[in-house]
Amino acid sequence: MNDHVDEGCNACAGRESVDSNQGSVNDDPRTSAHKRSHYCWVVSAACTTAIFICIGLVTNGFSMYLPYIVESGISDSDMSIVVNIRGAISLVSMLLVHRFYHLVSARVGIFIACLCTAAAYLLYGMAGGFPMYVAGSVLAGISYGLGSMIIISEVLRRWFAKSFNLSVGMAVAGTGVATIIMPLIVVRAVESFGLSTSFIAEAGFIFLLSVIVLLLIRDSPEEKGTIPYGTDEGYEPEAKVVYRGKTDLPRPIWIRFGFICFVMGCIGGPGLVFLSMLFESTGSSAETAAISISIIGVIMTVNKVAIGRFIDKMGTCHGILLFGTILIVGLFLTLFLTEGDMVRYIVIVLTGIGFAMMMVCPASFAKDIALPGQYFDTVRGLEIAYVFGSFIFALIPGTLDTLTGSYVISYVIMGVMLIVSLTLMVAYYRNHPKKDAATV
């Protein structure tokens with residue numbers, strides 16, 4: 001991602017003004033610019049597809065294969081190592097992502113990240129044992145780190161002067177799509193064609209999607225001869241970004257929002273992964289738990305878009321506080337899951353709505369607190385905090401279940417942590433009300 005790619009927005013706006021003064025064939029140059037800027041929605045769709053590949057298929061999509069891999073002879077402990085290696089490589093890749101995008105453009109880098117997922121699935125399909133799964137896990141971790149919301153939100157930041165959070169919500173919905181559609185596809189494919197063939201076929205499918213992403217995505221509006229969405233309506237595009245690997249934000253702000261995003265990662269990662277165990281440990285059958293998770297996936301996917309729109313209209317603090325409060329209620333209601341199906345239905349709805357906000361948080365916070373030209377490095381730091389939280393807290397639910405015989409205690413702890421983080425967030429925005437301005 002070269003530094004020059006963000007330049008030209010003012011020049012594009014200037015050309016519109018010149019055309020108007022010289023009697024352009026368009027009666028209303030602003031209308032013409034508005035129509036051309038609508039390519040941003042194509043870019044948004046490409047970003048959603050990239051997130052589907054680099055996060056959805058790397059995590060949720062792959063988890064559907066785990067029971068079949070264990071049946072093939074790989075032990076549960078070995079598969080835990082494979083998953084942990086992927087998480088560790090993801091973190092390392094995020095730490096180095098700014099250096100990577102100094103060397104390649106966003107478009108090429110995202111394409112490479114998508115290809116890493118395809119290559120990972122190809123290695124899984126060729127795997128004859130533990131080492132090949134490790135090799136595939138390394139590539140999957142690279143894909144997650146290089147194709148994560150760090151670079152996707154940066155591309156969207158360039159394209160959307162207006163409705164930025166909506167575009168982010170649409171992008172992270174790609175992970176929900178993987179949660180909804182992959183279970184049925186994987187089960188039918190593996191049972192019909194076998195584990196190896198299913199992996200290889202999916203690798204081919206991922207490759208085709210990767211090519212589509214490459215064909216559609218563009219680093220910036222200038223490459224299409226247009227302007228950021230909303231610029232013609234008076235919204236200001238963000239300042240040009242320089243990638244240094246650090247920011248000039250005051251340390252107290254870093255600590256505050258780093259902790260908040262760490263907590264979001266603790267909840268948004270393990271909180272979803274262990275939901276099936278939570279439902280089964282409180283009396284639900286395996287089938288009922290699976291259906292519950294699928295419903296939560298559908299609710300989350302819809303609400304990831306909804307929260308982005310809400311934040312654009314009402315501001316980050318109001319949006320996160322609303323969805324966070326709903327989630328807190330759902331987390332504490334897990335204490336009563338043994339009381340019957342009605343409680344479970346309520347928990348499904350509330351957690352489905354609340355969990356939707358997690359992946360939106362780093363990009364939305366970064367948009368508010370980043371200093372001019374430092375958005376990329378700011379969102380990079382917050383995303384690393386998010387993934388680190390997910391990586392660390394993944395060890396807690398299973399451990400507490402061993403000690404207490406229940407997964408419920410972990411979800412209550414998540415609720416307490418979320419109260420603390422939301423309190424910190426509200427305190428900041430109360431002291432800096434201009435940071436919480438709506439963008440629609």
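So, the largest cavity holds about 40 Å³ of space. By cavity I mean, on a 1 Å grid over the protein atoms alone, a set of points where a 1.4 Å probe fits but cannot get out. The volume is the space filled by probe spheres set on those points, with points joined across faces, edges and corners. Searching the whole structure turns up one cavity of 30 Å³ or more.

Before I go on, a word on what we're looking at. This is a predicted model, where local features need pLDDT of at least 70 and side-chain atom pairs count only at pLDDT 80 or more, while totals for chains, interfaces and linings use all residues. Residues are numbered from 1 along each chain as its sequence is written, and side-chain values use heavy atoms, with hydrogens and water left out.

Back to that cavity: which residues line it? You'll find Ile 55, Tyr 144, Ser 148, Met 149, Met 359, Glu 383 and Tyr 386 there, where lining means having an atom within 4 Å of a point. That lining splits into five nonpolar residues, one polar and one charged. In this count, Ala, Val, Leu, Ile, Met, Phe, Trp, Tyr, Cys and Pro are nonpolar, Asp, Glu, Lys and Arg are charged, and the others, Gly among them, are polar.

Okay, salt bridges. Side chains of opposite charge can pair when their charged atoms come close. Here the rule is a side-chain nitrogen of Lys or Arg within 4 Å of a carboxyl oxygen of Asp or Glu. The whole structure has four of them.

Let's start with Arg 158. Its partner Glu 154 has the closest N and O atoms 3.1 Å apart from it. Both sit in helix α8, residues 149–159, and they're four residues apart, about one turn of the helix. Helices, by the way, are DSSP runs (H or I, at least four residues), numbered from the N terminus.

Arg 158 also forms a salt bridge with Asp 219, at 4.0 Å from N to O. That pair links distant parts of the chain, since Asp 219 is in the loop between α10 (195–216) and α11 (251–268), 61 residues from Arg 158. Buried means under 20% relative accessible area, exposed over 50%, and partly exposed in between, with a 1.4 Å probe and protein chains only.

Over in helix α16, residues 341–355, Arg 344 and Asp 341 meet in a salt bridge at 3.5 Å, N to O. They're about one helical turn apart because they're three residues apart in that helix. Arg 344 is buried at 8% relative accessibility, whereas Asp 341 is partly exposed at 44%.

Next, helix α17, residues 361–369. How many of its nine residues are buried? Nine of the nine, and they include Lys 367 and Asp 368.

Moving on to helix α18, residues 375–393, that's where Val 379 sits. Val 379 is buried, with 0% relative accessible area.

Last stop, helix α5, residues 76–103, which holds Leu 95. Leu 95 is partly exposed at 43%.

Technical notes. Helix = DSSP H or I, 4+ residues; strand = E, 2+ residues; numbered from the N terminus. 1 Å grid on protein atoms, 1.4 Å probe; cavity = no way out; pocket = protein on both sides within 12 Å on 5 of 7 lines; lining within 4 Å.
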